[in-house]
Amino acid sequence: MPDRRTELADAALAVVAAKGLKGLTHRAVDAQAGVAVGTTSNYFRNRAALMGAAVDRVEERDRLLLQQGGMVIPTSVAALAGQIAEAVLGLAQENAELTRARFAFALDQPGVVAAGHERLVSALAQLLEALDISEARDRAESVSDYSDGLAMHLLTAREGQDIDRAAVARSIRRLLEG
């Protein structure tokens, strides 16, 4: 069972996903979490602390999702493309709330999420290097850009549409192979 800080950070993510950053207040988090008014401000004294906890929780939940997925280190570009496609579609579908909150933070305070983005791109570049893929860093950035764009479209302009997972994997594979 998560501790109170984690519960409040999750509630903050839900508020941001539903109402945007302008809706993120201590009272809104209290209501979302179903706790007494003032509870959130006891744990997070100001809005900056609350936002910091929410951003940290986004990264934590991303790590947990990757661990749950039991991602195996791929031995081929095709396998990696399939894994990335599944992860992106999972973030845009089953975990849409988390992704909406991430985009809200990224648009409002890009510096806050830049470090997490850099860790993701660097990890992918290292994986590509291990697979002997040339221009690993450039390709990792391209895959990240495509993935973010696809997730954004699936949450907005293409919300509710069926998506061909194999087609997404093929697009990612093309980016990986050049």
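Student: Why are α1 and α2 called roughly perpendicular to each other?

Tutor: Set the angle against the classes: under 35 degrees is roughly parallel, over 145 roughly antiparallel, 65 to 115 roughly perpendicular, and the rest oblique. Helix α1 (residues 4-19) and helix α2 (residues 26-33) pack at about 105 degrees, with axes 8 Å apart, and that is why the pair counts as roughly perpendicular. The axes are lines fitted to C-alpha atoms, for helices over the stretch in contact, and the angle runs from 0 to 180 degrees between N-to-C directions. Before we go on, this is a predicted model, where local features need pLDDT of at least 70 and side-chain atom pairs count only at pLDDT 80 or more, while totals for chains, interfaces and linings use all residues. Residues are numbered from 1 along each chain as its sequence is written, and side-chain values use heavy atoms, with hydrogens and water left out.

Student: Which residues of α1 and α2 meet?

Tutor: From α1 come Leu-8, Ala-11, Ala-12, Ala-14 and Val-15, and from α2 come Ala-28, Val-29, Gln-32 and Ala-33. That contact splits into eight nonpolar residues, one polar and no charged. Contact here means heavy atoms within 4.5 Å. As for the classes, Ala, Val, Leu, Ile, Met, Phe, Trp, Tyr, Cys and Pro are nonpolar, Asp, Glu, Lys and Arg charged, and the others, Gly among them, polar.

Student: Where is Gly-23, and is Gly-23 buried or exposed?

Tutor: Gly-23 sits in the loop between α1 and α2. Buried means under 20% relative accessible area, exposed over 50%, and partly exposed in between (1.4 Å probe, protein chains only). Gly-23 has 15%, so it is buried. Beyond its neighbours within four places in sequence, Gly-23 contacts Val-15 and Ala-28.

Student: What makes Val-58 count as buried?

Tutor: Its relative accessibility is 5%, so Val-58 passes as buried. Val-58 is in helix α4 (residues 47-68), and leaving out neighbours within four places, Val-58 is in contact with Leu-13, Leu-98, Arg-102 and Phe-105.

Student: And Arg-139, buried or exposed?

Tutor: Buried, because the relative accessible area of Arg-139 is 12%. Arg-139 belongs to helix α8 (residues 136-155). Not counting residues up to four places away, Arg-139 touches Leu-128, Ile-133, Ser-134, Leu-175, Leu-176, Glu-177 and Gly-178.

Student: What is the phi of Asp-132, and what is that of Glu-135?

Tutor: Most residues other than glycine have a negative phi. Asp-132 has a positive phi near 60 degrees, and Glu-135 a positive one near 50 degrees. Asp-132 lies in the loop between α7 (110-130) and α8, and Glu-135 is in the loop between α7 and α8 too. Asp-132 is exposed at 73%, and Glu-135 is exposed at 53%.

Student: How many helices and strands does the protein have?

Tutor: Nine helices and zero strands. Helices (H or I, at least four residues) and strands (E, at least two) are DSSP runs, numbered from the N terminus.

Student: How do you know whether the radius of gyration agrees with a compact globule?

Tutor: The rule is 2.2 Å times the number of residues to the power 0.38, with the radius taken over C-alpha atoms. For 178 residues a compact globule would come out near 16 Å, and the protein has 18 Å, which agrees. Its C-alpha atoms fill a box of roughly 55 × 30 × 30 Å along the principal axes.
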